[in-house]
Amino acid sequence: MIKRLLLFLIVSVAYSEQLLMLDMESDIDSNISVLWEKSIMQVLKESAFKPVKIEPDFFAECENIECVISAARASGAQGLFRGRLRAEGKDSVNIRLRIDWLAGNTSPQTDIQIMAPLAWDEVLKSGILLRMLSGITGKHAEFERAKNKTTFISVETNPDLAVVMLNGEPVCQSPCVVSDSGSMAQIAAYWQSNENLWAAKRMVKLGEDTAKVFLELRRSYAGTEIRSNPGKALVFSAELLDINSRPLGKTPYNLQGSPGETQIRLFHKGYNDTLLNVEIDALEKQIKFVQLSPITDPQKIYEQNLLVKGQTKRNIGLGLLGGSIAPLASGIFLCVLAQDDYEKARKIKGELEQPSFGGKNFKAKIDENHKAVKDGNFKTTVGAGLIGFSLLLAGVGFSISF
């Protein structure tokens, strides 16, 4: 009790008539969260408040928000500020701000909940901070995004039938018309033939009723280089890993493909496998760095070791299956050559059986016959051995692969 009283006295002296600010709850990028907190503090200062950021452990003895509110009131603070940021899709954030006013015996609240762009430059252009100021310092307020004027964009390309992308999303094939209601739009287009890619892109200022864009496509070698720490992480397609998964390569890995967003999976023994969203630009080479996180859960380590052993066993089996092809082909080839030797021996034997055949070449023909038979037997023996060896390799490889 004495400790609690001392805490209230210290807070009362330091924070009397000030607005105490708790850490904002957030599931978005930490840099954007910091921008929001700093901007909100500046807005409150300009509104004649005295905002003070409170460290997370300042009210460590409190187990619920009601206790925090009581402690803040006992300190003589003007109010208690709370905030929450939640991602809404890929380009928006839901913001809820609340002030518990602490003067008197009750705790009236001012509450505002808004939707805002995730991109900070769009936040500054939209005037959301000013609207938020009028809401958080007065009554409940709700915010709706201002609807910009829709602009229709006519897109033509050379060659025709290129895939047209609006702000990174494929929408149509050229020539076509797209629409957007922002202040700026990125129009990109690409045309692909086999492994070759032609592309172009342009930023378009909006605001008028219509706009025209012509894109002259040129050869593109764009891709995204994936780097990781630690390096030499295996790159897989986005599917869940199993013993049949085959890596595309190792980091650093240059991922190429059609412009737009795709997914890959990174795997490194001892680290959590990471599902990665990768943006491939139409023209510019990108670099994406990934910090892999070590596995600390013993069960996950055990499961990963099983997966690695299974993949190693399967790779050895597939290697044996592949290695069985060469001796099989060599064995069949030798057996075919042996048949040629046997055929030669049969012809010589036929000549020797003719009554008119004789003379000094008779013994030479007999020797030639014996040599042909001997060569045929040798090739048949070696060929049969190679075929047997290949079947053994194939059987072992099949048994440990499936």
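This is a predicted model: local features need pLDDT of at least 70, side-chain atom pairs count only at pLDDT 80 or more; totals for chains, interfaces and linings use all residues.
Residues are numbered from 1 along each chain as its sequence is written, and side-chain values use heavy atoms, with hydrogens and water left out.

The secondary structure comes to 8 helices and 22 strands, where helices (H or I, at least four residues) and strands (E, at least two) are DSSP runs numbered from the N terminus. Of the 402 residues in the chain, 36% are buried; here buried means under 20% relative accessible area, exposed means over 50%, and partly exposed is in between, with a 1.4 Å probe and protein chains only. The accessible surface of the chain is about 24000 Å², and 55% of that belongs to carbon and sulfur atoms, the areas coming from the Shrake-Rupley method with a 1.4 Å probe, and for residues only the protein chains shown count as cover. Among contacts with a separation of 6 or more, 61% are between residues 24 or more positions apart, a contact being heavy atoms within 4.5 Å.

Let me turn to the strands. Strands of a sheet pair through backbone hydrogen bonds, either parallel or antiparallel, and two strands are taken to pair here if DSSP finds at least two bridges between them. Strand β4, residues 79-88, pairs with β5 in the antiparallel sense over 10 bridges, with A87 standing opposite V93 in β5. Strand β5, residues 92-101, is mostly covered, since 9 of its 10 residues are buried.

The parallel case is strand β8, residues 151-158, which pairs with β14 over 7 bridges, and there N158 stands opposite E216 in β14. Strand β14, residues 210-216, has two faces: A211, V213 and L215 make up the covered one, whereas T210, K212, F214 and E216 make up the uncovered one.

The peptide bond from N158 to P159 is cis, with omega near 5 degrees, and P159 is found in the loop between β8 and β9, the latter being residues 163-166. At 55% relative accessibility, L161 counts as exposed. As background, most residues other than glycine have a negative phi, and most peptide bonds are trans.

The peptide bond from N229 to P230 is cis, with omega near 0 degrees, and P230 lies in the loop between β16, residues 224-229, and β17. K232 is found in the loop between β16 and β17, has a positive phi of about 60 degrees although it is not a glycine, and counts as exposed at 62% relative accessibility.

Which strands make up the open sheet that contains β17? The sheet has 4 strands in the order β18-β17-β20-β21, with antiparallel pairing. Strands β18 (249-250) and β21 (274-280) stand at the edges, each with a single partner strand, so one side of each is left without a neighbour in the sheet. Strand β17, residues 234-237, is joined to the antiparallel β20, residues 260-267, by 4 bridges, and the bridge partner of S237 in β20 is I264.

Finally, the aromatic rings. A search of the whole structure finds 2 aromatic pairs, where rings of Phe, Tyr and Trp (its six-membered ring) pair if their centres lie within 6.5 Å, with planes under 30 degrees apart counted as stacked, over 60 as edge-to-face and the rest as tilted. W191 and W198 form a tilted pair, 5.5 Å centre to centre and with 55 degrees between the planes. The ring centres of F236 and F267 are 6.4 Å apart and their planes stand at 85 degrees, so this pair is edge-to-face. F236 lies in strand β17 and F267 in strand β20, so the pair ties together parts that are 31 residues apart in sequence. F236 counts as buried at 2% relative accessibility, and F267 is buried with a relative accessible area of 6%.
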